[in-house]
Amino acid sequence: MYEVKEKITFLENRLSQKRFRHSCNVAKAACQLARQYGADAEKAYFAGLVHDICKEIPFEEQYQMMQAGDYLPDLAELNSRKLWHGIAGAYFIQKQFGVDDTDILNAVRFHTVGRAGMSLLEEIIYIADMISEERDYKGVDKMRRLAQKDLQTAMLEALQDALTSVMKKNGLLSQNTIEAYNYYILKAQEHKTTVIKK
């Protein structure tokens, strides 16, 4: 259905070796998480594979695709070029590959900033991007453990880390990330209340 072999060849020719390896690793991690949490493993693999499809094209092209698509950037995204590739990527796979699955499009579009009300697939791609095999940042082992234990807890931890990192660099905070953080905080509080009542 997703013509994965064809897409792998396409990505191998389009991306640097490092980015291609990362994309394959994210696809693998997404597939594993999907199987663990009851999502569509084939869809997760595909979304993981193409999540960075526009990462290495010129910013001018990313900007044009971002403006042409249905996903509007917020103020921080518009002024942070490193965030453009997710929005451009969703547009690209829709137009070039004919992807019309909103869940896959959202997973690619929001894999960097997150959003409130993410679907299971979106969460899986967001986390898979952070725990892929080649990742070696401080705290990655903890993130991998959280991902295996509880996806919601992993999401909250990831968003907290993302917000802290951006603020330390005096960067702009995406409204999507702020809303995602609030969403997962509320979910965590609701879970605690439910557990106490039981």
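Reply: Let us begin with a term: a residue is called buried when its relative accessible area is under 20%, and exposed when that area is over 50%, with partly exposed in between. A salt bridge needs a side-chain nitrogen of Lys or Arg within 4 Å of a carboxyl oxygen of Asp or Glu. Please keep in mind that this is a predicted model.

Me: What makes D74 a residue without a salt bridge?

Reply: The nearest side chain of opposite charge, R109, is 6.1 Å away from D74, and because the cut-off is 4 Å, no salt bridge is assigned to D74, which is buried. A polar atom of the D74 side chain does, however, lie 3.3 Å from the backbone nitrogen of N176, and D74 also touches S174 and Q175.

Me: Why is the pair of R19 and D52 called a salt bridge?

Reply: The closest N and O atoms of R19 and D52 are 2.8 Å apart, and the limit is 4 Å, so the pair qualifies. R19 sits in helix α2, while D52 is in the loop between α3 and α4, 33 residues apart.

Me: How do you know whether D52 is buried or exposed?

Reply: D52 has a relative accessibility of 2%, and because buried means under 20%, D52 counts as buried. R19, at 21%, counts as partly exposed.

Definitions and conventions
Residues numbered from 1 in each chain as written. Predicted model: local features only at pLDDT ≥ 70, side-chain atom pairs only at ≥ 80, totals over all residues. Heavy atoms only, no water. Buried < 20%, exposed > 50% of the residue type's maximum accessible area, 1.4 Å probe, protein only. Lys, Arg positive; Asp, Glu negative; His and termini not counted. Polar contact = N/O pair within 3.5 Å; in protein donor to acceptor, adjacent residues only side chain to side chain. Contact = heavy atoms within 4.5 Å. Helix = DSSP H or I, 4+ residues; strand = E, 2+ residues; numbered from the N terminus. Lists of a residue's contacts leave out its neighbours within four places in sequence.
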